[in-house]
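Please look over the model below.

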Amino acid sequence: MVFYHKSFDLFLFCLYFLFFFQYKKSPLQTIGEEQTQNPYTELLVLKAHHDIVRFLVQLDEYRFASAGDDGIVVVWNAQTGEKLLELNGHTQKITALITFPSLEACEEKNQLILTASSDRTVILWDCDTGRQVRKVSCFQSTVKCLIVLQRLDVWLSGGNDLCVWNRKLDLLCKTSHLSDTGISALIEIPKNCVVAAVGKELIIFQLVAPTEESLEWDILEIKRLLDHQDNILSLVNVNDLSFITGSHVGEMIIWDILDWTMQACECNFWDPSPQLDTQQEIKLCQKPNDISIHHFTWDEENVFAAVGRGLYVYNLQMKRVIACQKTAHDSSVLHVAKLPNRQLISCSEDGSVRIWELREKQQLAVEPVPTGFFNMWGFGRVNKQASQPIKKQQENATPCSLELIGDLIGHSSSVEMFLYFEDHGLVTCSADHLIILWKNGERESGLRSLKLFQKLEENGDLYLAV
């Protein structure tokens, strides 16, 4: 026999209220129409692609190239938005795009780029003429990433294996089959080594250049790092001492660039295995998709991480998070970049581009941390011991905040990435097939006025008006 008590209704109501309160306590930060600190008040919409635009790369001070799922590469003028060249050669979507620097000894300094595609080809392009310089079509799988080792004058392609090529696109050496999932990212580190992200593993490879004894190139597997619990989504060099990785389940690991040991680890974005205390309290956690680390950027002091829908600032010296916006966007943050004046830009699957400012805030009084299921929502008794680590952290560091100072609304679908030009503004690309060139309105107005005065002066109209 089952007994029913009226207090059970009250218990259910309390649970509903607590869940509602949890979801409402971290709302998306908004900003009014008068965005006084947002300089990007003008925009140019650039149309040339017929599918998702995934990649942007800066060619020089005034040009950039775009590429995406339509297999086309387009070269643009960042100042005027003019379409300069359209490069056609791939039959399927483009999977990687990088610049290919010219040799310093070479008299011709043409800007070259490398593109990889799902059609299992890699093409070397001349962005000054639009000419297809060379093409490689001997791959056994799709190339997902490219990297140029300028000091050795070679480039590497990562797919199911790792291949080393010279400037003429001749294959120098390659590894055996590594994984069906393939290499997702590559970076260069000292001692002629590269780091490859393969699933949840990091593999260190060393390139062996030709010598008097051996005239052939070789690539050797040196070490495997198995500290991640899930697939690695982001891999970047931070400085001359470290590189950093981020995984699907929110693990951020900082590695020593010389001996490849772990310097620091931050997994507090999300705890995949709830910690139960002696009372076996119930802990709720986020979905893994909400804390995937898609991208990093950095400066001398901090690493800025795109974690799920949020942004986190990790201080390299303190080895801890000093600021965050847990709900910076409505959907996953795909790309983040550091700007001058302690500013940050992020873009998201929700189609928005947002500008943030890292600010120091006054130290707040330490509030003891409550424990228990109901205390997780802000109710219940206080655990004084639990408050001690928080108090110690506040004594050792000045907390900061990320404040929204600009919201750029123009795309109707996911914004994949962006480029920042100091003199020409911001460039964004999207799944809506569009590229938007965001301009500093005040600067553009001044340039237009200057051109007008110059034209009047040339025609003699300026003196007549005076």
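The points below go from the whole chain to single residues.

1. Basis. This is a predicted model: local features need pLDDT of at least 70, side-chain atom pairs count only at pLDDT 80 or more, and totals for chains, interfaces and linings use all residues. Residues are numbered from 1 along each chain as its sequence is written, and side-chain values use heavy atoms, with hydrogens and water left out.

2. Fold. The chain has 34 strands and four helices. Both are DSSP runs numbered from the N terminus: helices are H or I, at least four residues; strands are E, at least two. Of the contacts in the chain with a separation of 6 or more, 47% are between residues 24 or more positions apart. Contact means heavy atoms within 4.5 Å.

3. Burial and surface. The chain has 466 residues, and 47% of them are buried. Buried means under 20% relative accessible area, exposed over 50%, partly exposed in between (1.4 Å probe, protein chains only). The chain exposes about 25100 Å², and carbon and sulfur atoms supply 51% of that area. Accessible areas come from the Shrake-Rupley method.

4. Val208. This residue lies in strand β16 (residues 201-208). Val208 has a relative accessible area of 31%, so it counts as partly exposed. Together with Leu220 and Ile222, Val208 makes a nonpolar surface patch of about 200 Å². Nonpolar side chains (Val, Leu, Ile, Met, Phe, Trp, Tyr) are joined within 5 Å, like charges within 9 Å.

5. His248. Its place is the loop between β19 (242-247) and β20 (252-256). His248 is partly exposed because its relative accessible area is 24%. His248 and Asp290 are 42 residues apart in sequence, and their C-alpha atoms are 9.2 Å apart in space.

Technical notes:
Patch = residues over 30% accessible without salt bridge, like charges linked within 9 Å, V, L, I, M, F, W, Y side chains within 5 Å. Areas by Shrake-Rupley, 256 points an atom, 1.4 Å probe, with all protein chains shown as cover. Salt bridge = Lys/Arg side-chain N within 4 Å of Asp/Glu carboxyl O.
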